[in-house]
Every structure is written in structure tokens, then in C-alpha cells.
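The report begins with a single residue and then widens to the chain as a whole.

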Amino acid sequence: MRIVDMEDMIEEAMKKSKTLRIAMLVGSWEEIVGKFYKVSEIIGVKENTLYVKVESSSYLHYMNGKKIEYIEKINKFLGNDYIKNIIFKIGKIDIEYKFQLEKMKKEFQEKREEKIVIPEKFEVENKSIEDSIKYLKRLSKNREKILLEKGYKRCIVCGSIFLGNTKICDKCRGIPIQTVINKN
């Protein structure tokens, strides 16, 4: 039996999870739209259509003209043709949410640079499946412990580990874009 690498696991999870695709899009929105990141915000996805809130009609007009380019970038990023259309709507951008998202991205990047989340090398070669599973379980527990020490929280409803100031993760609070890091 072959142990699947992380990239394959992420691809498989993205095929199954619309929420994960949305979270990946939110996290990479700045790379996709560039300077228009600050004046636009992803609302959600429904039936292969991405809905985006834009601050004003002039930004909406410009971004609408770049719609095909954005769709190509999104689908290339996601590795499949998940998005067929983008609908831009004028609305007020939640600045507090943008600041919180930027803070979480920065904190995640810092933690990633500290190499606390995932070790560089998994030591599962030449081990039995049972021993490999025990080893990966131990790594997962250590990772949870470190994340909790670094300020992450465990959701009191589902047990997910997330970054935030509440006791309940975004998914359990009914917020469509989640920032869940780990599930039990």
C-alpha cells in the first residue's frame, strides 16, 4: 500500500469540498486580482459562479472587463474548471474582515516559517502501516499542542483547531468561508 503525499491529499480534498475551494480562493484572492484585492471581497460560489462584492461601479466595470483573465487564474490555481462565471456586485467591503484576514495570513506565514506545523520529512519509509499510522498520529498530536500554545483555539462544537477570537469556528457559526486548520 502506498502512502499518499500531501499534494495528492489536498487535490482530493478540493474535489470534494466546496468550502475548501472557497477558503483557498479567499487566501489567494490578492494574487488573482492584484491591487483590486483591497476593494473587492469574495461572497461565495454557487453553481460554478463566483460572486464578488466590489466597492464601486468604476471598480466593478474594470474587474468585469478582466473577468475572463480572473476565471483562467482561478481555475489554474484550483487545478480544475470549477469557476465558469464571475458576477460582481456593488457593496460595502468589510474592512474589519480584511484586517483580520491579513493578520491571520501573517500569523500563519510566521508559524510556517518557524516550521512548527509540519516537519520537513515524514519518517514512514521502511515502517509497517501500523507503525506509520502511530507515527503520523503522534505528529498530529504534537502539531495540535504547538498550535494551541501559539494561540489557536479548539472549537467547542466540532473540535476543529482554528485561528480566531471566538470559542466556535466559522463553519459552526454558519460563516461560509472558514479558516479551520485541523479537524479531529
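This is a predicted model: local features need pLDDT of at least 70, side-chain atom pairs count only at pLDDT 80 or more; totals for chains, interfaces and linings use all residues.

How many aromatic pairs does the structure hold? There are 2 of them. A pair of aromatic rings is described by the distance of the centres and the angle of the planes. In the pair formed by Phe-36 and Tyr-59, the centres are 5.9 Å apart and the planes are at 70°, and the arrangement is edge-to-face. This pair ties together parts that are 23 residues apart in sequence, because Phe-36 lies in the loop between α2 (18-33) and β1 (40-46), whereas Tyr-59 belongs to helix α3 (residues 57-65).

The relative accessibility of Phe-36 is 10%, so this residue counts as buried, while Tyr-59, at 29%, counts as partly exposed. The rings of Phe-36 and Tyr-62 have centres 4.7 Å apart and planes at 25°, which means that this pair is stacked, because planes under 30 degrees apart fall into that class. Here the parts tied together are 26 residues apart in sequence, because Phe-36 is in the loop between α2 and β1 and Tyr-62 is in helix α3.

| Residue | Relative accessibility | Class |
|---|---|---|
| Phe-36 | 10% | buried |
| Tyr-59 | 29% | partly exposed |

With a relative accessibility of 39%, Asp-94 counts as partly exposed. Although Asp-94 and Ser-40 are 54 residues apart in sequence, their C-alpha atoms are 9.4 Å apart in space.

Turning to the whole chain, the protein has 6 helices and 6 strands, and along the sequence these elements follow the pattern α-α-β-β-α-α-β-α-α-β-β-β. Of its 184 residues, 33% count as buried. Among the contacts in the chain with a separation of 6 or more, 49% come from residues 24 or more positions apart. The accessible surface of the protein chain is about 12300 Å², and carbon and sulfur atoms account for 53% of it.

Note on methods
Residues are numbered from 1 along each chain as its sequence is written. Side-chain values use heavy atoms; hydrogens and water are left out. Rings of Phe, Tyr and Trp (its six-membered ring) pair if their centres lie within 6.5 Å; planes under 30 degrees apart count as stacked, over 60 as edge-to-face and the rest as tilted. Helices (H or I, at least four residues) and strands (E, at least two) are DSSP runs, numbered from the N terminus. Buried means under 20% relative accessible area, exposed over 50%, partly exposed in between (1.4 Å probe, protein chains only). Contact means heavy atoms within 4.5 Å. Accessible areas come from the Shrake-Rupley method with a 1.4 Å probe; for residues, only the protein chains shown count as cover.
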